[in-house]
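Please read it alongside the sequence and the structure.

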Amino acid sequence: MLKDFGPRIVKWYDKNKRELPWRNSTNPYKIWLSEIILQQTRVEQGLGYYLKFIRRFPDIYSLAEASQTEVYKMWQGLGYYNRADNLMAAAQTIVRQYKGLFPETPEALIRIQGIGPYTSAAIASIAFGYPKPVVDGNVYRVLSRLFGIETPINTGRAKKEFETLAGNLLQGNPPAAFNQAMMEFGALHCKPVNPDCLHCIFLSECTAGRLGEVARFPVKKKKPGVRKRYFYYLLVEVPGNKSNAFFLKQRDKKDIWKNLYDFPLLECNKRENPAEVLKNPVFEHLIGQTNFNIKSVSNEYRHQLTHQKIHAVFIHLIVNKNTGQLSDNSVFLVDENKLITYPVPRLLERYLQDQKILK
Ligand code: SF4
């Protein structure tokens with residue numbers, strides 16, 4: 001075990017930490033909100049969202065009363081919308097079942113929707129000083145390099161091994177400062193690429209640093225490949241007297257972007273010719289007797305998700321006036337000026353902004 005590890009890393013933290021609005025606070029609401037936003041999101045990107053949320057929802061009560069559409073709209077661009085669902089559900093649970101007060105132990109916190117082992121340990125230790133180690137990607141990296149741990153970090157047995165080690169190192173140290181120091185050290189100093197080993201306070205004791213094998217740690221088991229998906233969107237524009245309107249649809253299937261809004265869509269197994277896509281029976285049926293002109297066909301837009309890569313093409317049609325409706329009850333017309341109020345996937349937002357439809 002490294003001598004005086006806790007005091008040394010806490011000292012490093014006091015000197016080097018970033019000033020962030022949720023730091024130096026023991027308010028569990030702020031800590032929880034920042035942790036949920038920062039799951040799968042970089043601090044630089046999440047910071048603006050955090051400030052926006054805190055301004056609009058300064059406490060758990062205001063968030064518990066928010067509508068899904070408003071929260072989704074504020075969340076737009078962050079992705080992984082299940083986190084927004086969890087925020088709302090957890091806020092309502094804490095207000096109703098816990099009288100607006102966060103429980104103080106990891107065991108109680110983990111029963112709340114969206115609060116897993118990592119987040120429960122973060123809230124309990126940072127807000128309430130509970131002695132539980134927080135093990136995120138940064139901590140895995142720091143510990144695996146320091147101790148030369150070969151266990152692949154994306155396996156079940158790694159979780160236990162790293163938690164035990166972090167728990168032993170935490171003993172006798174202030175939990176809030178220690179946990180934040182570990183994460184910050186990984187984020188700023190022992191970075192995934194080009195860690196600053198030369199100026200590291202642990203260089204003489206660090207296994208990977210001494211052996212020059214930093215790039216080998218943490219060890220990861222290979223994951224299955226990324227699934228490619230080909231989306232063909234039909235953007236149907238209906239001219240109006242003052243402004244035009246578009247057909248929109250809410251996604252409700254058990255698929256990505258659940259509950260967000262997008263356009264009528266055809267998914268193909270491979271890249272297709274857009275002219276052929278329009279002749280597909282699904283689109284032919286949808287368009288029915290409607291007369292239209294093709295305004296444009298976009299280049300392919302790509303969007304990377306964790307296990308999927310979306311390739312999307314937008315076929316923009318202008319409907320000739322009074323030629324009928326789309327034959328799909330789940331689509332509805334939205335005035336172009338109101339489009340901005342609907343939460344849409346980032347991919348659609350990019351296209352609509354490029355076309356100056358969303359201003
Ligand atoms: S010596 Fe390098 S690899 Fe080891 S803890 Fe320091 S920065 Fe990380």
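1. For the classes used below, Ala, Val, Leu, Ile, Met, Phe, Trp, Tyr, Cys and Pro count as nonpolar, Asp, Glu, Lys and Arg as charged, and the others, Gly among them, as polar. The model under review is predicted.

2. On this scheme, the shell around the ligand consists of 11 nonpolar, two polar and two charged residues. Among the 15 residues around the ligand, those that come nearest are Cys 190, Cys 197, Cys 200, Cys 206 and Gly 209.

3. Which helix gives the largest share of the shell around the ligand? That helix is α9, with three residues. At least two residues of the shell come from each of α9 and α12 (207-211).

4. Helix α9 (residues 137-147) also packs against helix α10 (residues 156-170), at an angle of about 80° and with the axes 11 Å apart. The two helices are therefore roughly perpendicular. On the α9 side, the contact involves Val 139, Tyr 140, Leu 143 and Phe 147, which meet Phe 162, Leu 165 and Ala 166 of α10. Seven residues of this contact are nonpolar, with no polar and no charged residues.

5. In helix α15 (residues 346-354), the buried residues are Leu 347, Leu 348, Tyr 351 and Leu 352. They lie on the same side of α15, because the arc they cover around the axis is only 130°. Their cover includes β3 (261-262), β6 (301-304) and β7 (308-319).

6. After α15 comes Lys 356, which has a positive phi, near 60°.

Methods:
Residues numbered from 1 in each chain as written. Predicted model: local features only at pLDDT ≥ 70, side-chain atom pairs only at ≥ 80, totals over all residues. Axes fitted to C-alpha atoms, helices over the stretch in contact; angles between N-to-C directions. Helix = DSSP H or I, 4+ residues; strand = E, 2+ residues; numbered from the N terminus. Parallel < 35°, antiparallel > 145°, perpendicular 65-115°, else oblique. Contact = placed C-beta atoms within 7 Å. Buried ≥ 20, exposed ≤ 12 C-beta atoms within 10 Å, placed from the backbone. Arc of directions from axis to C-beta. Near = placed C-beta within 6 Å.
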